[in-house]
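Please read it alongside the sequence and the coordinates.

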Amino acid sequence: MRAAIALGEQAQGRTAPNPNVGCVIVKQGRVVGKGATQPGGRPHAEAVALKEAGDAAAGATVYVTLEPCAHESTRGPACTDLLIAAGVDRVVIGTRDPDTRTKGKGIARLQDAGIEVEVGRLRDAAAASMAGFFTRLERGRPLVTLKLAMSLDGKIALPSGESKWITGEDARRHVHEIRARSDMILVGRGTYAADAPRLDVRLPGLEDYSPRKALLTSGEGIEGWARLASPEDVYGLADVNDLLVEGGSGAASAFLAADLVDRLLIYRAPILIGEGKSSLGYIGLTALADAHRRWRFVSAEMLGIDRLEVYERDRTEGS
């Protein structure tokens, strides 16, 4: 299952509106097929893995991160039907599909065909690998990740506006990896006017993984870019699972004030700037108490000389 999760994560940012599923087929202790959901959402991971396995799929065990689809589609056959036709013996599922067209139906159809089914293997890790898809189905919008690159004292630029580069090469390389796993990347009008950012992926072999671009502005849009007049417009992004908000302070503050940020990536450089441009403006807080218990620490790591801290919005009751 860990291998299936890793395969699915490699497809993140390429499969929306479908989930980035991973699948591994094992027979007699040997991997005979593997696959992930392909760009655009088809073929599904199971179809890719079954094609690679061929006749070896008969009697095999299938590890798949999400419940195989059971609904009819003009884009291809249901994965439950493919698994049944292939004659697999057992299907191990990471997590159930929240899509009401399949939820529970895929499991039931496999069991009705005499296939042994196990549900919940590495459930949390499997669901986390498809968090954007789950967020879109449960909340009606993409998972929103906010990236902030700042000095130790929370500045993103000198008073003159100079901001290249706050962080080092390792941190910037990591940002490009995050871009490659995003369906869409957004900046505010001020950042676009000041920096004319390319917002592409500049890592060897991943250039084709560059996400679509979006601009947060109440004014005129840009040809070829999606336009969001307000953060709440994310609810209209029906074909986006993962949205990355990269800058600047106005866009970041607007999304935080609207409580539409699900994950924070804070790249902290070991420098002090003093007077300069703050990473954030007003984010809607009226009392210090409201700032507490909102963010849950996830992880931290060193990227060269810089430190990356990851936080998730705690949306449990009372947070």
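At what angle do the axes of helix α3 and helix α4 cross? In this predicted model, the axes of α3 (residues 79–86) and α4 (residues 105–112) cross at roughly 20° and come within 10 Å.

**Helix pair α3 and α4**

- Angles under 35 degrees count as roughly parallel, so α3 and α4 are roughly parallel to each other.
- The crossing in which α3 passes α4 is right-handed.
- On the α3 side, the contact is made by T80, D81, L83 and I84, and on the α4 side by G106, R109 and L110.
- By residue class, the contact of α3 with α4 divides into three nonpolar, two polar and two charged residues.

**Helix α6**

- Helix α6 spans residues 131–139, and its residues G132, F133, F134, T135 and R136 are buried.
- G140 follows α6 and has a positive phi, near 75°.

**Annotated span**

- An unreviewed UniProt entry carries the annotation "domain: CMP/dCMP-type deaminase" for residues 1–118.

Methods: Residues numbered from 1 in each chain as written. Predicted model: local features only at pLDDT ≥ 70, side-chain atom pairs only at ≥ 80, totals over all residues. Heavy atoms only, no water. Buried < 20%, exposed > 50% of the residue type's maximum accessible area, 1.4 Å probe, protein only. Helix = DSSP H or I, 4+ residues; strand = E, 2+ residues; numbered from the N terminus. Axes fitted to C-alpha atoms, helices over the stretch in contact; angles between N-to-C directions. Parallel < 35°, antiparallel > 145°, perpendicular 65-115°, else oblique. Left-handed = near helix turned anticlockwise from the far one by under 90°. Contact = heavy atoms within 4.5 Å. Nonpolar A, V, L, I, M, F, W, Y, C, P; charged D, E, K, R; others polar. UniProt positions renumbered as here; feature names shortened; annotations may be inferred.
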